[in-house]
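Please keep the sequence and the 3D view open while reading.

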Amino acid sequence: MRSPRVIGAMVVCLCAALSPLAGLSAGAPAGAAAKPVLTMALATPPTSLDPLVGSGGVNGVFQAPAYQGLLHLEGNGGSLGPSLAASFKWIGSNNSKFQIVLHPGLKFADGTPLNSAAVKTFAEAFAAGTSPFAYVGQEVQSIATPNDLTDVFTLKAPDLSFPTLLADDETGLGNIVSPQAITEKADLQASSDGAGPYELSQANTVQGSTYTFTPNPNYFDKGAVKYAEVIIRVIADPNTALAAIESGQVQVAYGTPDTARQARSVGVGVASFPGSVDALFITDDLGQLTPALKNVDVRKAINYAIDRKAIAKAITLGTGSPTDQMPIPGSLGYLASLANSYPYNLAKAKRLMAQAGYAHGLTLTITVPSFMSQLANLDQVLTTELAKIGITLQSYSGATFPAFIALENSGKYEGVIFSFPFPKGLPSTVPLLYSPNAVGNPRHEILPDVLPAAQAAEGIGGTKGATAWQAINKTIVSEALEVPIEIEPTIYFYAKSVHGVPQSLTIDPDFMSPSK
Amino acid sequence: MIRLIARRLLVSVPLLGVVSFVTFVLVSLTPGNAAYTVLGASATKAQIASLSRQMGLNKPLVVQYGTWLGHALQGDLGRSLITGQPVTQALGQQLGPTLSLVLLSLLVTAVGGVLLGVWSAVRGGRLARVIDSVSFVGIAVPSFILAIILISLFVLKVHAFPASGYVPISQSPLEWIRSLILPVVALSFGGVGIVAKQTRAAMEDVLAREFVVVMRANGYPRRSIVYRHALKAAAVRVLSVLGVTFVGLLTGAVLIESIFSIPGLGSLAVQASAQSDIPLVIGVTVTFTLLVVGANLLLDIAYMALNPQIIHR
C-alpha cells in the first residue's frame, strides 16, 4: 500500500485545494493597484466587438468599456445627458438637425484626437458597415463640422429619437472608432480603438468566453476610471451565473425570473425593470395568406382568447406584467386607458369568431424561436388557449437564431412569437414592425392606418408628438393589429460592492463604481 | 506495432475527410447562416443577402467545401465567420480546458472504477452491495443534476470551490485543480459506476479461473494474486470499457463545460453551432475526431502491451 508520507501529502494538497482562502489569490495579484476588478457575467458572447460590424444589443455591452457613447442615457426611459459630447441640442423646430459639441482634448486609445472630423468619418463608415443599426447612420443626410469640436447632423427625415440613438451603446452610432483604425482596417475583433475608459486586453481575452478590459491611458477623464480591470465573462447557465455572484466570483450578472427569487433570498441585489414585450406579432394583417386575418373581429377574438394575467404569472413567475399594448408604461405612445383593452373573455372571443364567419375555426402558422425558453413556453400556452376558440396554431420552430430569422424572413407565416424591447416606446416599433423592410414585417405590408401616421409623428416634438404617438397606439390596439401579451422584465443581479448598476436594457460598466 | 500505428493513421485521413464533409453539409443545410447571426434581429433581407455574399455563403456547397478543404490541407482551417478569429487559434485556446477536464475525468474514472470494482470482487458481501448501489447511483444520476447539487453544496454552502470558470495550470496549478474538481466529479461519477461494475465482473471471472486457484494453493500473497496477476488478466476488458467511456466523457464535457462555464471545445461547439459558424464547427468536429482516433490508437497499443497476441488477430 501507499506510504503514510504519500497519503499525508495528498491530504495536505486536498486541504489546500479545499481551503476557501486558496481562491482569494486569484484575480488579486500581489502589488495590484488599489482599484478593484469588476467582473460581469452575460449569457451570450458578442457576435462582434467591432461597432462597424455589429453593434447594439449584447454586442453593445461588450463594446461599452472601450467605446463610450457621445451621449448618456440616464436609466430606462430616462433623460439624456452629456458623455463624450459636452453639450447637444436640436437646431430648428422640425427634429431634423442635431448638434453636438465634444469635450475638448478627447483622444482615442491610439493617441489620435477625437474631433468633429473623426465623428464624421466614423458616422459615414458606420452607415456603410454591416451593423444591424447601420440604417440609423443611413438616416443621416450630411454631417457638417463648423469647428473642431462641433458636428451638426442633418437627417433625411425628422426623427425625434435620433439623440437617443447616439447614447451609450444603444445602436453603436455614438461609439466612435478611431479614423486611424478605420483607414488601416484594424482588426477590431481582436483589439479596440475607441475613446472609452478601457481598452480590450487581447492577451487576457478568450473569444466567446472571457473579455478583459484594462484602463485606456488616453481617456479624457481619468478620475472616472473606477476599476483596474473590467472582465466580462460568458456564463450560459443562469444558475451558474447566480452561484458565481453568490460566491463573489462576479459582481454583476444577468438574471432570469426563475433565479430572481433565489437571488433575493440570499441577499444578492436584484435590479428588475420592464424590458421587452412578449407578443404574437401578426405579420399578415392584410390577410394575403389567411384572409380571415384581414377581419378585425378575428384579430380581436385572438386578443380576447388569451388570459394574459395567468400567462404573465406562469411564464415570468410574477416578475412580469400583462399588457395589451406595445409601449411600456411611461414610454412614448403609452396610454394608461388602453390597459386591459382585451380582458380574458372566451365567450366574447367565440362570438366574434362566429360574427366573422369562422365559427368552425381556422388554422394559423407562426414561427417561434425555440431556443428562447420563455417564448417556447408561451407558444405552448397560446396553442392551448387559441384552440378553445377553434384556432389551430401550427408552430414552426427555429432552434438557433439564424434558423429562426431565416424562417421568419421567408414571409410564409401569418405570425411570429417574439420578444422585442421597445426602449423608446412606440417609435421603436416602426423600424422593427411597420417599415416595409422591418424584420417583423416579412411580408412588407404597409398598414395604411399606422405607417403614414408614424412617419408624420416622427417630425413632431413635445406634447403634440406624444399625443400623435398615443393616437397611433390607440389605432394599433383598437384594430388588434398585434397580440401583446406580457412585459418581460430585464433582470440584473449585483453584489453590494457595486454602485450604479443602471436601470436600462443595456448594462454599461462605464458608469458603475465600487460602493463606498 | 509500427505497422498498426501507420495503418490507423492512414485510416484516419479519409475519416477526417468524411467527418468534415458531413459536418459541413449538415450545418449548411440548417436554415439561416452566419450572416443572420452577425446582423441580428433587426436586419433587413437586403443586409442579410449582402453580408452572405461577402462571406461567400451564397456559393454552391461543393465550391465552399472545396475552398475550405484546399486551405485545410495546408494547415489553415479558416477563420470564424462571426469573430474573424483564426479557427486554429480558437481551438488552441480552448483545447487545454477540455483536455484537462476530460483527461482528469478519465483518470478519476479509471482509478476510482477499477479500485471499487476490485474491492467489490475481492471482498464481496456488504461492501460489494454498497459499491453496487453507488455504481447504480452513478449511472442513474445525470451529470448536470449532479453538477447543480455539487455547486449548491460545495460552492454556495461550503464555499470551497469557485462556481465557474477555468484557471490555466500555467497561471496557478492550485487554482487549476480547484477550478476542475467539481466539473471532474460531475463528469466522471457515472463513468466510475460503469467501470466499477465491469471491473468487478471481469475480476470475478478471473479470480474463479484455475491459475488463480493454483497460485493460492502455492501460497502466493493475496495482494500479488489480485493486483499483479488477476487484474492484468482482467485489464483488457476494463480497457475496452475505458475506451468507450473516454468518448462518453468527450460528449459529456459539452454539457459540463456549459454548466461550469469552462471555455472548452464543448462550449465552443455549442456556440459555433448556434451561430452557424461553419469553419468553427468543422474545426471542433475535426479536433474531436482526432481525439477519438488518438484515444483508440492508445487503447490498441495498451491492448498489445497487455497481450501481444492481439497484434496477430
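Beyond its neighbours within four places in sequence, A:P322 is in contact with A:R308, A:K309, A:A312, A:I485 and A:E486. The model is a predicted one. A:P322 lies in strand β13 of chain A, which covers residues 321–322. Its relative accessible area is 36%, and since buried means under 20% and exposed over 50%, A:P322 is partly exposed. Computed along the sequence, A:P322 is 217 residues from A:G105, and the C-alpha atoms of the two are 49 Å apart in space.

Is A:V252 buried or exposed? With a relative accessible area of 2%, A:V252 is buried. Leaving out neighbours within four places in sequence, its contacts include A:L38, A:T39, A:M40 and A:A41. A:V252 and A:I446 are separated by 194 residues in sequence and by 42 Å from C-alpha to C-alpha.

Two loop residues of chain A call for a check of the backbone. Most residues other than glycine have a negative phi. A:D168 has a positive phi, near 45°, although it is not a glycine. A:D168 sits in the loop that runs between α6 (162–165) and α7 (179–183) of chain A. Its relative accessibility is 7%, so A:D168 counts as buried. A:K185 also has a positive phi, here near 50°, and is likewise a residue other than glycine. The loop that holds A:K185 lies between α7 and β8 (198–200) of chain A. With a relative accessible area of 74%, A:K185 is exposed.

For chain A as a whole, the secondary structure comes to 17 helices and 19 strands. The radius of gyration of chain A is 25 Å, close to the 24 Å given by the globule rule for 516 residues, so chain A is as compact as a globular protein of that length. Along its principal axes, the C-alpha trace of chain A spans about 85 × 80 × 40 Å. Of the 516 residues in chain A, 56% are buried. Among contacts in chain A between residues at least 6 apart in sequence, 67% join residues at least 24 apart.

The table gives the angle and axis distance of each.

| Helix pair | Angle | Axis distance |
|---|---|---|
| α1(B) and α12(B) | about 155° | 9 Å |
| α1(B) and α4(B) | about 135° | 11 Å |
| α5(B) and α12(B) | about 45° | 10 Å |

Helix α1 of chain B spans residues 2–29 and α12 of chain B spans residues 278–306; they pack at about 155°. Angles over 145 degrees count as roughly antiparallel, and α1(B) is therefore roughly antiparallel to α12(B). Their crossing is right-handed. By class, the contact of α1(B) with α12(B) has 17 nonpolar, 7 polar and 2 charged residues.

α1(B) also packs against α4(B), which covers residues 61–72, at about 135°. These two helices are therefore oblique to each other. The crossing of α1(B) and α4(B) is right-handed. Which residues make this contact? On α1(B) they are B:G17, B:S20, B:F21, B:F24 and B:S28, and on α4(B) they are B:L61, B:Q64, B:Y65 and B:W68. By class, the contact of α1(B) with α4(B) has 5 nonpolar, 4 polar and no charged residues.

The remaining pair joins α12(B) with α5(B), a helix of residues 87–123, at an angle of about 45°. That angle makes α5(B) oblique to α12(B). Their crossing is right-handed. From α5(B) the contact takes B:V87, B:A90, B:L91, B:L95 and B:L99, and from α12(B) it takes B:P279, B:L280, B:G283, B:V284, B:T287 and B:L291. By class, the contact of α5(B) with α12(B) has 9 nonpolar, 2 polar and no charged residues.

Notes: Residues are numbered from 1 along each chain as its sequence is written. Chains are lettered from A and ligands numbered from 1 in the order in which they are written. This is a predicted model: local features need pLDDT of at least 70, side-chain atom pairs count only at pLDDT 80 or more; totals for chains, interfaces and linings use all residues. Side-chain values use heavy atoms; hydrogens and water are left out. Axes are lines fitted to C-alpha atoms, for helices over the stretch in contact, and angles run from 0 to 180 degrees between N-to-C directions. Helices (H or I, at least four residues) and strands (E, at least two) are DSSP runs, numbered from the N terminus. Angles under 35 degrees count as roughly parallel, over 145 as roughly antiparallel, 65 to 115 as roughly perpendicular and the rest as oblique. A crossing is left-handed if the near helix is turned anticlockwise from the far one by less than a right angle, and right-handed if clockwise. Ala, Val, Leu, Ile, Met, Phe, Trp, Tyr, Cys and Pro count as nonpolar, Asp, Glu, Lys and Arg as charged, and the others, Gly among them, as polar. The radius of gyration is taken over C-alpha atoms; the globule rule is 2.2 Å times the number of residues to the power 0.38. Buried means under 20% relative accessible area, exposed over 50%, partly exposed in between (1.4 Å probe, protein chains only). Contact means heavy atoms within 4.5 Å.
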